[in-house]
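Open the model in your viewer and keep the selection tool at hand. We will go stop by stop.

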Amino acid sequence: MKVLVYLGHPAHFYLYKNTIEQLRKDGNAVEILIKKKDILQQLLDNQQWTYHNILKEGRKGNKIGMAWGMVKRTIRQSIFCIGYKPDILTGTSVENSFIGKAFRKPVINCNEDDAAAVPLYAKLSYPWASAILNPFVCHSGKWNEKAIKYPSYQELAYLHPNHFTPDKAVVEKYSIETDKPYFILRFASLKAHHDTGIQGINTEIAQHLIDQLLPHGRIYITSERELEPQFEQYRIKINPLDMHHVMAFASLYIGDSQTMAAEAGVLGTPFVRFNDFVGRIGYLRELEDVYQLGYGIHATPIEMKRADGSLQPNGKEALYEAVDAILALPAEERRKTYQARRKKMLSEKIDYAKFLTWFIENYPQSAKEAKEQKENTKFWEKFK
């Protein structure tokens, strides 16, 4: 089988990494398309994978630039498909859905954000996708009945114990002492189309967090946006392939990035997520409210209720209180508590890479089977 995987974001490299390797081991041909996005090319180069960049020049962040970028990617991907002739397309891109429809090829769309949080993406990609894969707790809007749900998270495609074991030696090569508390702060750029109007960690809040954390351990900052001069002393440059090892031994992660908060959670590292997506994304609400692996704090002070009717904490003061609550636990007790919560979460989730590989290799029968067996716990056991 000839598979075309389109990666549009660094997180998608991790999402598909183990599936691509397994597909190739099973004798399938796999080609990778990408667009220029942050450290995506660096990740692929570090992995020594061959890929085809269909938007080397990147795109402008305004609406016209985004639309023109989509047009160029669609044209270039179509030309590539004429030559490659894939049997199936998969990824998280809008273009896959357009091209699959035009070439009459099945498209497997993977997404874990609720449709209401990424409305433009859902409207453009879901109607034309052959299959939509979402976690059980993700609401797919008016395509909810079409979507195929699974008991896992995309982060468990690469951070499930089947695929990842934290290594202290990797962390210590950055002169980080793993036997002493340290904290990871992450500042996202919040420039994607769905980030419009979204508030996160500004300069004032970042300084307060640093002052709050300094008495308890070392601080390391990674940032998509340009850092203010006073924060440069905390910046750490880490090979992206090593970042999850560093996260796994951290005492706390704080950031305005969705993906890194979820990664911290599934690793058993307590997290505090601060942005205006809080309360709108099902899988993160589950990590926070059901498994208690972290806190979601809505950045803008508004009244918002959780599913159980309790008020969702919001605003910067709630952020500082959440950080204090985590710091109040002694380091060793904190680690044991959050690792126990992680263990419970893992007992109820599957290895998503194993499921995704099976789904692609057995499509379309896999779609029918996953739909029919949705409530059958024995069916999901084979993907543990």
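Start with the open sheet of five strands, ordered 9-8-10-11-12 with parallel pairing. Strands pair here if DSSP finds at least two bridges between them; strands (E, at least two residues) and helices (H or I, at least four) are DSSP runs, numbered from the N terminus. Select strand 9 (218-223) and strand 12 (294-298): each stands at an edge with a single partner strand, so one side of each has no neighbour in the sheet. The twist averages 15 degrees from one strand to the next.

This is a predicted model: local features need pLDDT of at least 70, side-chain atom pairs count only at pLDDT 80 or more, and totals for chains, interfaces and linings use all residues. Residues are numbered from 1 along each chain as its sequence is written, and side-chain values use heavy atoms, without hydrogens or water.

Next, select strand 8 (182-187) and strand 10 (252-255). Four bridges join this parallel pair. Arg 186 has Gly 255 in strand 10 as its bridge partner.

Contact means heavy atoms within 4.5 Å.

Move to helix 14 (365-372). Ser 366, Ala 367 and Ala 370 are buried there (under 20% relative accessible area, 1.4 Å probe, protein chains only). Seen down the helix 14 axis, the buried residues fall within an arc of 100 degrees, so they line one face; the arc is taken from the directions from the axis to the C-beta atoms. They pack against strand 7 (148-150), helix 13 (352-361) and helix 15 (377-381).

Finish at Leu 133. Its contacts include Ile 108, Tyr 150, Phe 355 and Phe 359.

Definitions and conventions:
Buried means under 20% relative accessible area, exposed over 50%, partly exposed in between (1.4 Å probe, protein chains only). Axes are lines fitted to C-alpha atoms, for helices over the stretch in contact, and angles run from 0 to 180 degrees between N-to-C directions. Lists of a residue's contacts leave out its neighbours within four places in sequence.
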